[in-house]
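I'm jotting down what I looked up, in the order I looked.

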Amino acid sequence: MVDEPMNTTPEPENNPEPEKPVEANQHADTAPVDPEAAKESETGASSVDDGEPEISETDQALLKVAELEEQLARRNADLYNLRQEYNGYVKRSKADGLVQYESGINKVIDLLLPVLDDIALARQHDDLEGPTGAIMEKLEGTLRTNVKLERFGSEGDIFDPNLHEALMATTSSEVSEEQVAQLIQPGYKIGDRVIRPARVGVIKPE
């Protein structure tokens, strides 16, 4: 085995390169940044990027006023509708009350009609005398004053089918139109409302 000759040539030293001095502009690039300034910068950039115009405080106030006016108009409309419903309810209540009142009066008059017929019959025979006659007159007067009940029908009246009920009829050359020849039962009405038509005998022209 042959020994190789050793390399006795010294290797060059690995000397590091000298550090270069840092220039001033490099220090400026690494200077600390203010967070508030960076935030404003980002916000401004975002606004520019979005392309949306900034709304001023005056415009915001006007929008708020318009919104409040719309709410007020809606509340006024709701209040108006509520008042209309209430007025309608009051009118219906009054109408219903009047109908019930008239219905009650009609029931009372229906119960009293036989008594009133007896009074009318007694009057025809001149039997309304003494205390009984005074009581009957007072009853009729009370109904006439407080209820506005009127008795109608008499001989010689022109026959009206809205007021009279003909139970018999005869003819005569002495009349030119239908007339009441005989009153069988008087009729009763309150105002223009007929409670019971007068029951009569009619005479017609030939």
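This is a predicted model: local features need pLDDT of at least 70, side-chain atom pairs count only at pLDDT 80 or more; totals for chains, interfaces and linings use all residues.

How much accessible surface does the chain come to, and what share of the surface belongs to carbon and sulfur atoms? I got about 17,100 Å², with 53% belonging to carbon and sulfur (Shrake-Rupley method, 1.4 Å probe; for residues, only the protein chains shown count as cover).

Residues are numbered from 1 along each chain as its sequence is written, and side-chain values use heavy atoms, leaving out hydrogens and water.

Next I checked the layout. I found 4 helices and 6 strands (DSSP runs numbered from the N terminus: helices are H or I with at least four residues, strands are E with at least two). Along the sequence the pattern reads α-α-α-α-β-β-β-β-β-β. Of the 206 residues, 17% are buried (under 20% relative accessible area, 1.4 Å probe, protein chains only).

Then I went to E140, which sits in helix α4, residues 130–147. E140 is buried at 6% relative accessible area. Leaving aside neighbours within four places in sequence, I see E140 in contact with L116, I119, R123 and R151 (heavy atoms within 4.5 Å).

Last, the strands. Antiparallel β1 (149–152) and β4 (187–190) are joined by 4 bridges (pairing takes at least two DSSP bridges). I190 in β4 partners L149, and I190 also has R193 in β5 as a bridge partner. β4 and β5 make a hairpin with 2 residues between them, and G191 in the turn has a positive phi of about 65°.

Methods
Buried means under 20% relative accessible area, exposed over 50%, partly exposed in between (1.4 Å probe, protein chains only).
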